[in-house]
There are 2 protein chains.
Amino acid sequence: MPSSKPLDVVGIGNALVDVITTQVDSFLEECSLTKGAMMLIDTERAVSLYAAMGPGVEMSGGSAANTMCGVASFGGRCAYIGKVSNDQLGEVFAHDLRATGVQFSGPSPATDIPTGRCLIVVTPDAQRTMSTYLGVSELLGPDDVDEAVVASAQVLYMEGYLWDRPEAMAAYRKAAAVAHRAGGLVSLSLSDSFCVDRHRDAFLDLVATEVDVLFANEAEVCALYGTEKVSEAYSKVAEHCDLAAITLGSKGSVVVERSGDVHEVVADPVPEVVDTTGAGDLYASGFLYGLTRGLPPAECGRLGSVAAAEVISHVGARPSANLARLAGLD
Amino acid sequence: MPSSKPLDVVGIGNALVDVITTQVDSFLEECSLTKGAMMLIDTERAVSLYAAMGPGVEMSGGSAANTMCGVASFGGRCAYIGKVSNDQLGEVFAHDLRATGVQFSGPSPATDIPTGRCLIVVTPDAQRTMSTYLGVSELLGPDDVDEAVVASAQVLYMEGYLWDRPEAMAAYRKAAAVAHRAGGLVSLSLSDSFCVDRHRDAFLDLVATEVDVLFANEAEVCALYGTEKVSEAYSKVAEHCDLAAITLGSKGSVVVERSGDVHEVVADPVPEVVDTTGAGDLYASGFLYGLTRGLPPAECGRLGSVAAAEVISHVGARPSANLARLAGLD
């Protein structure tokens with residue numbers, strides 16, 4: 001990797017503040033929620049679901065923003081591109097990124113549309129079910145991609161959730177072109193198998209043409225290639241990407257190289273899994289940090305395991321401990 | 001206690017959203033903060049302190065509001081009086097109270113003054129240091145006291161923090177008169193020994209004339225009576241109040257009756273003390289719940305111990321488990 005660039009990773013995503021509540025499983029059914037999935041909701045639904053929810057805790061979130069915080073916790077230099085409003089939750093979102101050491105250009109010019117929220121229901125099995133009201137993050141488009149920032153990073157990272165909106169997809173296409181032109185790598189997380197189902201063709205085209213490093217879980221990579229056979233998905237993804245990191249939950253992860261080599265990575269032990277929110281986001285942070293330090297694929301995966309284990313051991317989707325120290329890097 | 005009243009407890013206090021961050025001890029010195037104390041701050045200081053703080057978690061707080069949530073978690077019927085703005089944090093505050101089952105009349109009419117915030121720094125010893133930007137909660141005055149609500153409760157409860165503002169003091173004087181006229185009890189928490197120091201005469205006058213049940217820790221009750229001898233403070237408080245519940249941290253609490261009888265109450269064991277924010281608030285909730293159920297003083301103290309132990313075992317000042325169940329009451 002070129003190390004002369006001032007930034008290690010730049011992330012693009014939906015900027016959201018998480019509102020986290022704990023509920024029993026029957027709550028999901030009462031509110032017509034699909035366990036483990038992310039669903040986009042409109043204002044009306046956001047109001048009614050919030051009213052039905054128990055007391056909450058608010059924490060800055062957003063998939064790619066969580067990943068950037070993880071990279072920063074490892075000691076990486078990051079920036080984030082996403083839209084918040086000039087309101088209290090936007091202020092909180094910007095504060096938390098900057099306090100973590102992630103560059104962020106801050107609230108968009110004044111608008112009546114509020115900062116987006118992700119209503120997260122954590123069930124007793126530690127699974128999270130997410131309902132996202134995008135708010136102003138929905139306005140992210142190509143004009144919001146700061147070309148200088150993207151060109152200055154070794155790796156561009158994007159969350160698949162952006163694929164739900166054509167303008168965001170255009171923003172990512174633009175960012176990917178800028179990154180490649182500047183000699184950087186382009187990485188993508190598939191985010192959610194339902195999201196892949198909704199936009200399979202667009203994802204497939206992007207992965208085949210622009211993605212160097214892909215993050216996914218088994219369900220997502222199988223959904224992408226329309227197969228139920230994991231081995232088939234692995235061989236297809238090896239044709240498209242330099243590296244694919246496939247997470248397997250408690251079974252760890254595998255890293256597939258373009259050469260076809262497959263590295264198995266064990267999961268880090270966790271005394272008690274409290275909240276799986278952010279597991280994939282933080283796995284990606286460790287992997288990306290390792291990548292920018294020129295570490296071999298299996299070691300990148302190990303750093304991913306360390307970060308994922310930390311974030312699922314407490315409520316919330318961002319690390320609450322120093323990941324460099326946890327990984328024995330400091 | 002008369003049980004025909006529709007409400008058990010009504011609380012009055014500064015309505016605040018807590019912003020909680022973890023920092024090492026040196027941060028307190030760098031920011032000129034006094035460990036364990038609550039300091040009122042203006043807008044400018046709130047902005048600079050927030051900028052210096054690490055990433056935060058936002059949770060509804062406010063001392064008396066925390067206590068009402070605790071009473072509700074035991075199964076009590078409560079209402080809360082305090083002022084929030086018609087903004088995002090005000091919405092969060094109102095949601096969390098109602099979702100807990102506490103009656104709350106909701107945001108005040110539109111104003112430019114934002115909802116108040118309490119910036120809480122938790123150090124590795126689990127101590128919390130609080131800097132409060134009152135925001136719109138500062139506007140609480142006698143007109144905000146809904147006489148019908150106060151008269152409908154068995155017990156009125158107020159936090160001592162209100163004593164920093166004359167209008168709030170007037171509001172509490174009015175509420176106390178309404179409560180007594182309706183045959184209810186009046187209770188007060190001294191909140192903070194620095195707060196008692198600032199307003200000793202006003203506190204003494206109120207305790208002597210209006211307070212039936214007093215909550216304090218040893219430092220606060222000694223500050224109130226200007227003595228360093230705990231035994232002297234106990235005998236003085238017995239002259240003023242029907243009951244005084246004095247918390248002693250890890251050593252539990254003592255309940256002093258007007259008769260002079262003193263009941264020692266042990267603390268509930270806690271595997272790990274994580275964050276002491278809300279310990280006094282939640283002790284009061286258990287005690288008040290027991291009081292409204294006609295339980296003897298030592299049993300009221302035991303319920304206080306159960307609630308305090310729960311809240312110091314996790315981050316945040318409101319219970320995250322059902323207190324009735326923890327106390328073996330359901």
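The model is predicted: local features need pLDDT of at least 70, side-chain atom pairs count only at pLDDT 80 or more, and totals for chains, interfaces and linings use all residues. Residues are numbered from 1 along each chain as its sequence is written, and chains are lettered from A and ligands numbered from 1 in the order in which they are written.

Chain A contains 13 helices and 14 strands (DSSP runs numbered from the N terminus, with at least four residues of H or I for a helix and at least two of E for a strand). Its C-alpha atoms occupy a box of roughly 50 × 40 × 40 Å along the principal axes. Of the 330 residues in chain A, 56% are buried. A residue is termed buried if 20 or more other C-beta atoms lie within 10 Å of its own, exposed if 12 or fewer, and partly exposed in between, with C-beta atoms placed from the backbone.

Between the chains, 18 residues of chain B are in contact with 19 residues of chain A (C-beta atoms, placed from the backbone, within 7 Å). On the chain B side, the elements giving two or more residues are strand S4 (57–60) and helix H4 (88–99). H4(B) gives the most, with six residues. By class, this side of chain B has eight nonpolar, six polar and four charged residues; Ala, Val, Leu, Ile, Met, Phe, Trp, Tyr, Cys and Pro count as nonpolar, Asp, Glu, Lys and Arg as charged, and the others, Gly among them, as polar.

Within chain B, strand S10 (residues 185–189) is largely enclosed by the rest of the structure, because five of its five residues are buried. In a regular strand the side chains alternate between the two faces of the sheet. In S10(B), Leu185(B), Ser187(B) and Ser189(B) point one way, and Val186(B) and Leu188(B) the other. S10(B) pairs in the parallel sense with strand S9 (residues 153–159) of chain B over five bridges (pairing requires at least two DSSP bridges), and Leu156(B) stands opposite Val186(B). The chain passes from S9(B) through helix H6 (residues 166–181) to S10(B) in a right-handed β-α-β crossover, meaning that the path from the first strand over the helix to the second runs clockwise with the strands pointing away from the viewer. S10(B) also pairs in the parallel sense with strand S11 (residues 213–217) of chain B, over three bridges, and there Ser189(B) stands opposite Phe215(B).

Leu156(A) and Leu156(B) touch the most other members of the largest nonpolar core, which has 228 residues (a set of buried Ala, Val, Leu, Ile, Met, Phe, Trp, Tyr and Cys residues joined through C-beta atoms within 7 Å).

Two residues other than glycine have positive phi. Ser191(B), in the loop between S10 and helix H7 (193–198) of chain B, has phi near 70° and counts as buried, with 26 C-beta neighbours inside 10 Å. Ser32(B), in the loop between helix H1 (25–30) and strand S3 (38–40) of chain B, has phi of about 55° and is exposed, with 9 other C-beta atoms within 10 Å.

How values were computed:
Two residues are in contact if their C-beta atoms, placed from the backbone, lie within 7 Å.
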